[in-house]
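Here are some exercises to work through with the model open beside you. Try each task before reading its solution.

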Amino acid sequence: MTKYASSDSNNQTSSDNATANGSPKHESAERIFCLLQFLSVNECTRKDVFERLAFYYKIDDATPTEHPASRRADRMVKRDIKFLEEQGFEIKKVKARGQPTRYSLVKGSGPRPTFLFTQSEVDSLALLHNLFADPTRYARFDLTQPLPLQPPRNPFSEEMLSLIEKLIATLPPEQKRHFDRWVRKPYVYFNLSTVADYLPHRATIDIVVRAISDRQQIQFEYTPTRRKQDVIFHENIDPYYIIHMEGHFYLIGYSHKMNEFFEYRIDRIKTDSLKIQPNMIDMERRRRPIEFRFWIDGSIAKRGLSQRWLTQTIEREEVYLDEKGREQRRVLVRATAYNEFRIIQQLLRYGDKAELIEPPHLREHMRQTVIRMSSFYES
């Protein structure tokens with residue numbers, strides 16, 4: 001049995017004052033360091049701590065629970081855990097009915113370092129913050145300077161804002177004030193918003209990401225846009241990645257039934273039907289780009305073609321006479337993309353300034369689309 005000094009009260013006073021001023025003495029520091037190491041690799045009760053760190057808490061198995069040394073050790077553990085929490089460590093406490101509390105260290109927690117950012121870097125953090133922040137939440141309402149409308153919720157915004165705010169918490173006071181002024185009164189509203197509310201679909205994204213990480217197929221029910229059925233069941237889908245395009249999140253997946261790639265809009269996947277299947281996906285399969293050619297008005301090409309395609313090359317230029325006999329210039333472009341629907345939608349944005357030439361079936365599809373559009377305005 002461990003021997004104690006004749007005066008328990010003196011030992012208690014010495015131990016109680018070990019961390020009283022916020023800076024533990026050598027003995028206490030060594031004990032707290034050993035406790036931190038023990039909590040980092042174990043989920044343990046106070047009894048487990050006493051068994052492993054008996055030397056530091058001056059107690060052993062033979063000490064009765066009502067003994068002053070045992071009560072003193074309990075206080076020391078509480079104080080040590082409180083000290084660790086004050087330093088930024090997060091201690092998880094699990095209490096089951098009729099069972100002693102179990103303690104463990106939350107991975108990644110600990111004292112926050114101080115980051116030394118330049119003023120330009122603080123401005124960049126504020127701009128990054130505004131990518132995900134709702135301007136109506138952070139900026140003050142001012143009738144003379146109306147704010148943009150509240151954007152639909154991005155499913156990753158809360159995590160991004162939390163991370164940025166943790167970084168900001170480490171800044172010196174003056175830089176914190178500068179960041180706060182920028183956030184409350186932004187000069188650039190650069191919000192990475194979606195055109196639909198995707199926060200309710202975060203669970204769908206998480207399941208798909210897990211399937212991609214584990215390289216497993218998925219199945220799900222899908223709400224189509226131009227079908228009579230309420231939902232279509234898809235199975236044996238190889239998920240490859242999720243991409244943000246034109247305000248929506250899409251799953252790029254390969255259907256074994258249809259033998260081709262599809263873009264599945266995340267908000268149309270029914271979450272409760274989404275299941276990970278045991279079959280493994282083919283990691284070597286790749287999407288095949290579609291090559292197409294189109295004429296575009298020279299006035300647009302002169303300013304520089306926007307990078308809307310996977311690849312694009314100007315093949316030649318030519319001069320022609322329009323219906324009024326005026327000389328015009330146009331440019332023939334060869335490009336590649338993954339999706340025929342997006343090719344047509346993008347070229348339609350140019351109106352009569354662009355003409356799809358090849359491939360023939362896609363040109364015919366475009367022609368039929370234009371005919372349907374024209375019919376809307378005939379009466």
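**Exercise 1. Find the salt-bridge partner of Asp80, and say where the two residues lie and whether they are buried or exposed.**

Solution. Keep in mind that this is a predicted model.
- Step 1: Start from the side chain of Asp80; a salt bridge joins it to Arg31, with 2.7 Å between the closest N and O atoms.
- Step 2: Asp80 belongs to helix α5 (residues 68-86) and Arg31 to helix α2 (residues 26-41), so the pair links distant parts of the chain, 49 residues apart.
- Step 3: Classify them, using under 20% relative accessible area as the cut-off for buried. Asp80 has 0% relative accessibility and therefore counts as buried. Arg31 is at 5%, so Arg31 counts as buried too.

**Exercise 2. Take the salt bridge of Glu85 and Lys93: how far apart are the closest N and O atoms, and how accessible is each residue?**

Solution. 
- Step 1: The closest N and O atoms of Glu85 and Lys93 are 2.5 Å apart.
- Step 2: Glu85 has a relative accessible area of 33%, so Glu85 is partly exposed. Lys93 has 45% and is therefore partly exposed.

**Exercise 3. Which salt-bridge network includes Arg349?**

Solution. 
- Step 1: Begin with one pair. Arg349 forms a salt bridge with Glu246, the closest N and O atoms being 3.4 Å apart.
- Step 2: Locate the partners. Arg349 is in helix α12, while Glu246 sits in the loop between β4 and β5, 103 residues apart in the chain.
- Step 3: Follow the shared partners. Salt bridges connect Glu246, Glu263, Arg287, Arg342 and Arg349 into one network.
- Step 4: For context, a search of the whole structure gives 26 salt bridges.

**Exercise 4. Work out the strand order of the open four-stranded sheet, and identify its edge strands.**

Solution. 
- Step 1: Trace the pairing with β8 (290-297). β8 pairs with β10 in the antiparallel sense over eight bridges, and Phe292 stands opposite Ala335 in β10.
- Step 2: Look for the other partner of β8. β8 and β11 are antiparallel over four bridges, with Ile296 opposite Ala354 in β11.
- Step 3: Now extend from β10 (residues 327-337), which pairs with β9 in the antiparallel sense over ten bridges. Within that pair, the bridge partner of Leu321 is Glu327 in β10.
- Step 4: The edge strands are β9 (311-321) and β11 (354-358), each pairing on one side only. Neighbouring strands here are turned by 25° against each other on average, direction ignored.
- Step 5: Return to β8 and its burial. Seven of its eight residues are buried, so β8 is largely enclosed by the rest of the structure.

**Exercise 5. Describe the open five-stranded sheet: what is its strand order, and which helix lies across β3, β4, β5 and β7?**

Solution. 
- Step 1: The order is β6-β5-β4-β3-β7, and the pairing is antiparallel.
- Step 2: β6 (260-265) and β7 (275-280) are at the edges; each has a single partner strand, so one side of each has no neighbour in the sheet.
- Step 3: Neighbouring strands are turned by 50° against each other on average, direction ignored.
- Step 4: Inspect one pair. β4 (residues 232-245) and β5 (residues 248-255) pair over eight bridges in the antiparallel sense, and Tyr250 in β5 is the bridge partner of Ile243.
- Step 5: The helix is α10 (residues 202-214), running at about 95° to β4.

**Exercise 6. Which residues make the nonpolar surface patch of about 420 Å², and where is Val188 placed?**

Solution. 
- Step 1: The patch is made by Leu127, Tyr187, Val188 and Phe190.
- Step 2: Val188 lies in the loop between α9 (173-184) and α10.
- Step 3: Val188 has 41% relative accessibility, so Val188 counts as partly exposed.

Notes. Residues are numbered from 1 along each chain as its sequence is written. This is a predicted model: local features need pLDDT of at least 70, side-chain atom pairs count only at pLDDT 80 or more; totals for chains, interfaces and linings use all residues. Side-chain values use heavy atoms; hydrogens and water are left out. Two strands pair if DSSP finds at least two bridges between them. Axes are lines fitted to C-alpha atoms, for helices over the stretch in contact, and angles run from 0 to 180 degrees between N-to-C directions. Contact means heavy atoms within 4.5 Å. Patches are made of residues with over 30% relative accessible area and no salt bridge: like charges are joined within 9 Å, nonpolar side chains (Val, Leu, Ile, Met, Phe, Trp, Tyr) within 5 Å. Accessible areas come from the Shrake-Rupley method with a 1.4 Å probe; for residues, only the protein chains shown count as cover. A salt bridge is a side-chain nitrogen of Lys or Arg within 4 Å of a carboxyl oxygen of Asp or Glu. Buried means under 20% relative accessible area, exposed over 50%, partly exposed in between (1.4 Å probe, protein chains only).
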